[in-house]
Amino acid sequence: MGQYAIRRILQMIPVVLGTTFIIYASVFALGDPTVGRCGERACPPAYIAAFNAEYNLDKPLLVQYALYLGKLMHGDLGTSFYGNSVATELANRFPTTIKLAAIAVFFEAVIGIAAGIVAGVRKGRFIDSLVMVSTLVVISIPVFVIGTLAQLVFGIKLGWFPVTATQGTLWQLLMPGFVLAALSLAYVARLTRTSLVENLRADYVRTAKAKGLSRNRVIAVHTWRNSLIAVVTFIGLDIGGLMGGAVVTERIFNINGVGSYIFRSINQKDATAVVGAITVLVLIYLAVNLLVDLLYGVLDPRISHD
Amino acid sequence: MARAVEELELGPRSEQWQPTDGRLLDVDDLFVEFRTRDGVARAINGVSFSLDEGDTLAILGESGSGKSVTAQAIMGIIDSPPGFITGGEIRYCGTDILTLSEEKRRAIRGPEISMIFQDALSALNPVFPVGWQIAEMFRIHRGTNKSDALDAAVTLMDRVSIPGARQRVKSFPHQFSGGMRQRIMIAVAIALDPAVLIADEPTTALDVTVQAQIMGLLKELQEERKMGLILITHDLGVVADVADRIALMYAGRIVERAGVFDLYRRPAHPYGEGLLESIPRLDQKGEELSAIKGLPPNLTRIPPGCPFNPRCRYAQDVCRVDPPPPLREVAPDRVAACHFAEDVLAGEAVRTDVR
């Protein structure tokens with residue numbers, strides 16, 4: 001297990017190098033960052049030269065990247081074009097994003113798995129059709145529609161939840177978290193149902209019945225864990241995605257998270273901020289992936305990490 | 001091995017289930033059908049047989065002849081829907097278990113009637129240690145505590161000759177070889193000392209040397225515990241060594257029932273004749289293997305008359321019309337469902353397939 005983890009971490013190095021380079025190259029290739037920085041007028045050549053020198057933009061791309069990487073090694077994510085430390089900006093926003101993601105994953109796992117199990121156990125009955133149709137509806141509706149609709153109905157008309165989550169408290173993030181979870185929740189429910197139905201047909205389930213076990217025990221003990229493997233993969237990867245913040249959801253509910261930071265930085269052509277933020281997200285994503293893979297070994301003894 | 005046997009406590013059989021005159025199981029005119037989108041598949045059409053203590057009955061037939069469905073009907077593990085038992089009785093120690101509640105049925109599965117399956121790799125749960133899976137029997141049916149149940153599992157693993165049982169009790173099914181896995185499957189099935197053991201093709205997934213060991217083990221356990229054994233197989237070789245009696249199944253019916261030697265010496269049903277002729281023989285080296293021509297019928301469209309008539313070399317007009325020939329006594333202690341059973345038995349049946 002330990003060796004496996006170390007091997008996996010070593011494998012991450014080329015992945016990190018590759019992804020950061022692609023991000024760096026594509027972000028800095030996108031137009032001249034000094035355009036529009038001096039209001040209506042074009043910037044004076046001296047300013048442009050100073051700006052380029054400060055961010056190493058006058059050097060060849062590979063040198064720029066190497067210099068950036070050097071700073072990254074020391075944990076320095078750079079300074080945004082507006083003079084703020086990218087690391088500080090991210091550190092301010094991550095707690096909100098983590099809270100939002102945690103709420104979303106909670107809804108996704110609890111409601112999604114529960115709905116999937118209920119549907120799978122009663123396959124072909126009314127409750128199964130209900131889950132299948134309602135999840136299909138959720139999957140077909142774009143998140144901005146669900147978000148604004150929830151805002152209108154539960155926030156404004158009924159007044160049950162705060163309309164926006166500007167301060168990012170748990171209570172404020174409850175409804176956005178649910179909206180953010182909606183799509184994945186639908187997928188988790190369907191995935192759980194499918195893999196439960198699949199596993200209920202397995203030979204070992206027949207054995208469990210032949211052993212004289214109750215139906216509840218057959219499902220809860222013998223089928224559940226086997227069915228969970230696919231679902232854990234999905235939720236694991238989803239956590240990786242959610243940590244990157246949810247651009248649309250954060251915009252709708254005015255949440256000051258990582259997603260809205262990246263969105264704003266892209267709009268403002270703040271290349272250092274974009275690259276810094278995305279680099280951190282890549283690292284988080286890889287770490288979550290590793291955790292999911294290690295969790296497999298715990299859930300399924302056939303997967304060995306030696 | 002002898003030591004291991006002594007350690008096993010074979011408790012007294014449940015008082016509720018006592019066989020009368022040694023008769024354990026009576027399957028009487030059983031009908032099972034599967035209602036699928038393509039129509040109703042009549043998997044079992046009036047099957048009857050019985051099983052006594054210490055008796056070994058082999059149910060022999062091709063894939064789709066209904067032998068596994070019969071076993072699952074006895075166990076009560078047919079998925080319903082699509083499967084439905086539409087007629088007949090299954091009497092265990094005189095009680096028709098088809099009328100019992102699911103809860104009472106469950107109490108029979110394991111302690112009274114138990115089953116082992118064909119492919120032990122898929123029949124054992126991949127995510128639980130083998131010892132846990134054996135111990136589960138004691139824990140659920142007898143409420144034994146965790147460590148005692150695990151000790152009992154080790155004793156059982158010892159009994160079925162798994163080397164290093166105590167060390168391997170926490171291993172997972174995929175860490176065992178095919179033969180060892182089937183031994184674990186057997187340990188699960190005999191854990192509660194059942195009166196009836198159903199073995200559904202227990203050796204099909206194994207290679208020949210291991211097959212012999214597993215059959216030997218089953219035989220040994222049966223004698224030790226006076227179990228009634230129902231052996232479901234399509235392997236004629238396996239049957240010859242172990243079984244006392246054979247029930248030959250075709251298209252959901254028993255077409256012949258006889259003592260194992262009688263049937264091997266001279267079948268009374270043309271299907272049995274065809275099966276025996278299809279065994280490869282050393283003295284026929286170089287010749288083409290003989291096989292029964294054609295395929296078993298689609299169970300949603302069983303032909304009228306004798307279901308075997310399209311493949312039968314002796315078929316005449318009477319065979320192609322309903323009712324199908326009934327199972328009748330053709331010689332002492334043997335029954336067959338063929339209009340010409342006596343002729344087949346005497347080797348005098350007239351072939352109608354060659355002109």
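A residue is called buried when its relative accessible area is under 20%, exposed when over 50%, and partly exposed in between (1.4 Å probe, protein chains only). This is a predicted model, in which local features need pLDDT of at least 70 and side-chain atom pairs count only at pLDDT 80 or more, while totals for chains, interfaces and linings use all residues. Residues are numbered from 1 along each chain as its sequence is written, chains are lettered from A and ligands numbered from 1 in the order in which they are written, and side-chain values use heavy atoms, with hydrogens and water left out.

**Stop 1: chain B as a whole**

Select chain B. Of its 355 residues, 52% are buried. Chain B holds 13 helices and 12 strands; these are DSSP runs (helices H or I, at least four residues; strands E, at least two), numbered from the N terminus. Turn the view along the principal axes: the C-alpha atoms fill a box of roughly 70 × 50 × 45 Å.

**Stop 2: helices α6 and α9**

Select B:R159 and B:E220. What joins them is a salt bridge, with the closest N and O atoms 3.0 Å apart. The term stands for a side-chain nitrogen of Lys or Arg within 4 Å of a carboxyl oxygen of Asp or Glu. Because B:R159 lies in helix α6 (residues 146-159) and B:E220 in helix α9 (residues 208-225), the pair ties together parts of chain B that are 61 residues apart in sequence. B:R159 is buried, with a relative accessible area of 1%, whereas B:E220 is partly exposed at 34%.

**Stop 3: helix α11**

Select B:R265 and B:D262. Their side chains meet in a salt bridge of 3.5 Å, N to O. Both residues lie in helix α11 (residues 260-265) of chain B, 3 residues apart, which is about one turn of the helix. B:R265 is exposed, with a relative accessible area of 63%, and B:D262 is partly exposed, with 29%.

**Stop 4**

Select B:E273 and B:R313. Their salt bridge has its closest N and O atoms 3.1 Å apart. B:E273 is in helix α12 (residues 270-277) and B:R313 in the loop between α12 and β11 (328-331), so the pair ties together parts of chain B that are 40 residues apart in sequence. Are these two residues buried or exposed? Both B:E273 and B:R313 are buried.

**Last stop: all chains**

Select the whole structure. A search over all chains finds 31 salt bridges.
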